[in-house]
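Please look over the sequence and the model below before reading on. The report that follows moves from one residue and its contacts to the wider arrangement of the chain.

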Amino acid sequence: MKKLLAGLFLSILVLALAACGTDKKEDANSASDQTDSKDNVTLKVGASNTPHAVILDKAKPILAKEGIDLEIETYTDYVLPNQDLDSKTLDANFFQHIPYLELQIKDNGYDFVNAGGVHIEPIGIYSKKYKTLEDLPEGATILLSNSVSDHGRMLSLLEAKGLIKLKEGIDKTAAEIKDIEENPKNFKFDANTAPEMLVQMYENDEGDAVLINSNFAIDNGLNPIEDAISLEDKESPYVNIIAVRAGDETRPEIKKLLEVLTSKEIQDFILEEWKGAVVPVQ
């Protein structure tokens with residue numbers, strides 16, 4: 001009987017120690033998981049819905065493998081993303097091209113820098129009334145964005161297409177309507193519409209032609225390649241960038257973000273998804 005009880009006690013002791021070892025192993029694994037989670041860096045990036053947020057969403061699982069938890073905050077305007085970056089609500093934003101960033105810095109005193117370019121969204125000329133630029137009649141009304149930072153780009157597009165000529169020697173990225181030197185067809189230029197409302201103006205058949213940024217066009221169901229009567233050349237200097245507060249461009253997670261966004265995988269995705277309406281930086 002004593003031997004039986006001793007054996008039974010020994011078996012219970014072995015099981016208890018085994019269970020304790022299992023608990024310690026599980027605790028260790030749990031602690032390891034917590035450590036891994038704590039080691040991850042959260043990066044909050046503000047972006048326009050399309051294509052910026054879509055591109056970031058594609059990059060998100062790739063970044064997760066690199067220990068970066070990407071949070072995407074979407075915006076439908078061009079003002080709040082920079083305000084939120086300045087207030088440190090965001091770590092970076094992805095919605096603007098270089099001339100717009102430079103104008104925002106000049107007008108608002110933001111201490112921002114360009115961390116790197118990702119893609120170009122060609123501006124398109126749209127018309128419900130006319131099929132080609134040549135069809136635009138004498139005195140046609142052309143609608144532009146009321147964002148002055150867009151005017152140089154839009155007027156340069158009209159000049160490149162042979163519709164107007166800008167004054168010699170000016171900085172064409174900063175050109176304004178008053179800088180038009182030659183206007184053979186006496187076009188009228190209406191620059192009173194917010195950028196995000198230009199698609200609605202086009203749908204309402206306002207004006208004779210409307211110049212629309214591709215992100216707004218795509219966001220509202222237009223296909224720039226199929227619907228525009230003319231499109232900005234893909235060699236455009238208006239590259240969409242990652243903007244950060246000065247000094248943050250050297251942060252490892254910002255560098256990794258740019259590395260992923262300019263990787264072949266993401267470039268191929270951009271070309272496949274938008275068929276040339278959005279062009280990656282090569």
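If neighbours within four places in sequence are set aside, Leu-211 is in contact with Ile-123, Gly-124, Ile-125, Ile-142, Leu-143, Leu-144, Met-154, Leu-157, Leu-158 and Leu-198. The model in which these contacts are found is a predicted one. Leu-211 also belongs to the largest nonpolar core, which has 36 residues, and together with Ile-212 it is one of the residues with the most contacts inside that core. The elements that give two or more residues to this core include S5, S6 and helix H5, as well as strand S10, which spans residues 209-212. In soluble globular proteins, nonpolar side chains tend to be buried together. Apart from this core lies another one, of 27 residues, among them Leu-56, Ala-59, Val-118 and Val-278.

Is Leu-136 buried or exposed? Leu-136 counts as buried, because its relative accessibility is 1%, and the cut-off for a buried residue is under 20%. Not counting residues up to four places away in sequence, Leu-136 touches Tyr-130, Leu-163, Lys-185, Phe-187, Asp-208 and Ala-209.

Strands S3 (residues 92-97) and S12 (residues 239-245) run antiparallel and are joined by three bridges, and Asn-93 stands opposite Ala-243 in S12.

For the protein chain as a whole, ten helices and 13 strands are found, and the table gathers some overall values.

| Property of the protein chain | Value |
|---|---|
| Buried residues | 44% of the 282 residues |
| Contacts joining residues at least 24 apart, among those between residues at least 6 apart in sequence | 75% |
| Accessible surface | about 14,500 Å² |
| Part of the accessible surface belonging to carbon and sulfur atoms | 51% |

Definitions and conventions: Residues are numbered from 1 along each chain as its sequence is written. This is a predicted model: local features need pLDDT of at least 70, side-chain atom pairs count only at pLDDT 80 or more; totals for chains, interfaces and linings use all residues. Side-chain values use heavy atoms; hydrogens and water are left out. Buried means under 20% relative accessible area, exposed over 50%, partly exposed in between (1.4 Å probe, protein chains only). Contact means heavy atoms within 4.5 Å. A nonpolar core is a set of buried Ala, Val, Leu, Ile, Met, Phe, Trp, Tyr and Cys residues joined through side-chain atoms within 4.5 Å. Helices (H or I, at least four residues) and strands (E, at least two) are DSSP runs, numbered from the N terminus. Two strands pair if DSSP finds at least two bridges between them. Accessible areas come from the Shrake-Rupley method with a 1.4 Å probe; for residues, only the protein chains shown count as cover.
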